[in-house]
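Student: Can we go through this one together? Start wherever you like.

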Amino acid sequence: MSINTEFRAKLFLYFAVVITAIVAIPALSLAHGFAGKRFFPTTFAVDDPFISDEFSVLINRIKQPGDEPNRATEINIDWSKRIIPDFGLEFHEAYLHLGSNGDGSANGWENLGVGAKWHFLTNEEHELIMSIGTDIDVGGTGAHQLSGSFSHITPGLFFGKGLGDLSDSVNFIRPFAITGVVGTSFPTRSKNVILNTDGSTDTERNPTTFNWGFTVQYSLIYLQSFVKDIGLGAPFNRMIMVTEFPMQTNLSRDGKGLTTGTVNPGVVWAGKFMEFGIAAQIPINSQSGKSVGVLGLIHFFVDDIFPKGIGGPIFH
Amino acid sequence: MRRVKLGTAFALFLVACLFVLPGVSLGHAFPDHSDPRVGSTVSVSPTTVRIWFDSEMEPAFSTITVQDANGRRVDKGDGRVDSADATLLEVSLPLLPPGSYRVIWNVVAVDTHRTMGDFLFTIK
């Protein structure tokens, strides 16, 4: 099966599963991303601190690190489905196009990601939410030239905290919020042995990494609705300014302590049914990227779109 | 060519969603504007507090109260969703002395999603 045919087949299968689930699963709907007055939007590269029924497409374009950097364009598709009100499953797939400065290019699906998340704490008064979860990047499910044949298992802790519980004397600080994630990514294979044409072998180690990241948010929705009506009209009254800091620190012997990541300043517009976002992607060092990239997000609140269908948990 | 087709398909999908989705559900109820305005200072004691939302609300599960700076309830206890406009939540007030007042609301949209909030206004 060619990559093009495989891509179409996977795309068709993905949408078929989504549409089938929308039609077939009846349920009631609850809220997404709220802690009291605080609405936490879905952001770009730092995972949500909650579980909800949602569907996202994130497009990312950046020049990768290296002496001859590739231009990478990635289309990420994420779908989350609650099984019970505070526990659900997450599925992630990405299609990657690599274009080099030379003639070559490569396209293909990356490994399938499957995860589970439990939203175990919501404190409405202090606008605090916390979740734990595990993601598994399933080895061997993507195109072999772009994806590893081994898996990564990444347990993580997710949190979100709004500053709305500060006193009224610091009113204009109250729309701020932070979200974040900490976790460790373990490869299921510690090293790859590569057989050279002359019969010799090279060993390539697969590092264990500490994945950490956070976002700083300033919600114009919060400002306008709960602090001070400054007369913002559409579309600014539904915007949240977001800066992300997704990072990864190598814990293995080779390259231990090396941190890579990006700073992603951007803006999110949250409507009643969907969210749009755009952000720059600035590498923190030469190992993280060669140029400023761009992130574009389209996100659907499935629980709002289908409150009496697929939008709710399967079991209450 | 393949990338052009993918981009076109994706754009068509999004346009279809934009046309289809708003008719399916009403979503969470967020405040659109209010009288008195959020965080404002007024010179005369208002007779009512009104909040207009961007979705219709369930009257039986939607409340609004007003408290003074000491946390004492000062409204007339008739908080309600307007019978002619289900996006309007209002409560009557007696003549209030100068000071800061907090409006506290808690609403359920007709699709059962709950939202809550509060804000201050000041009478000088």
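**Salt bridges and cavities**

Tutor: Start with a contact between chains: Arg37(B) and Asp229(A) meet in a salt bridge, 3.2 Å from N to O. A salt bridge here is a side-chain nitrogen of Lys or Arg within 4 Å of a carboxyl oxygen of Asp or Glu. This is a predicted model: local features need pLDDT of at least 70, side-chain atom pairs count only at pLDDT 80 or more, and totals for chains, interfaces and linings use all residues. Residues are numbered from 1 along each chain as its sequence is written, chains are lettered from A and ligands numbered from 1 in the order in which they are written, and side-chain values use heavy atoms, with hydrogens and water left out.

Student: Is Asp229(A) buried or exposed?

Tutor: Asp229(A) is buried, at 13% relative accessibility. Arg37(B) is partly exposed, at 43%. Buried means under 20% relative accessible area, exposed over 50%, partly exposed in between (1.4 Å probe, protein chains only).

Student: How many salt bridges are there over all chains?

Tutor: The count is 19. One of them is Asp75(B) with Arg73(B), at 2.9 Å from N to O. Asp75(B) is buried at 10%, while Arg73(B) is partly exposed at 46%.

Student: Which residues do shared partners join into one network?

Tutor: Lys37(A), Asp168(A), Arg174(A), Arg102(B) and Asp118(B). Within that group, the closest N and O atoms of Asp168(A) and Arg174(A) are 3.4 Å apart. Arg174(A) is buried at 3%. Asp168(A) is partly exposed at 29%.

Student: New topic. How many cavities of 30 Å³ or more turn up?

Tutor: The search of the whole structure gives 2. On a 1 Å grid over the protein atoms alone, a cavity is a set of points where a 1.4 Å probe fits but cannot get out; lining residues have an atom within 4 Å of a point. Grid points are joined across faces, edges and corners, and a volume is the space filled by probe spheres set on the points.

Student: What is the volume of the largest cavity?

Tutor: About 100 Å³. It has 14 lining residues, and the closest to its centre are Lys37(A), Phe39(A), Ile221(A), Phe226(A) and Phe30(B).

Student: Which element gives the most to that lining?

Tutor: H2(A), with 3 residues. Strand E2 (38-39) of chain A and strand E8 (114-123) of chain B are among those that each supply at least two. By class, the lining has 9 nonpolar, 3 polar and 2 charged residues. Ala, Val, Leu, Ile, Met, Phe, Trp, Tyr, Cys and Pro count as nonpolar, Asp, Glu, Lys and Arg as charged, and the others, Gly among them, as polar.

Student: And what lines the second largest cavity?

Tutor: Residues of both chains, including His32(A), Phe39(A), Arg238(A), Asp304(A), His28(B) and Phe30(B). The volume is about 50 Å³. Its lining has 5 nonpolar, 3 polar and 3 charged residues.

Student: How many helices and strands are in chain A?

Tutor: Chain A has 3 helices and 17 strands. Of its 316 residues, 48% are buried.

Terms used
1 Å grid on protein atoms, 1.4 Å probe; cavity = no way out; pocket = protein on both sides within 12 Å on 5 of 7 lines; lining within 4 Å. Helix = DSSP H or I, 4+ residues; strand = E, 2+ residues; numbered from the N terminus.
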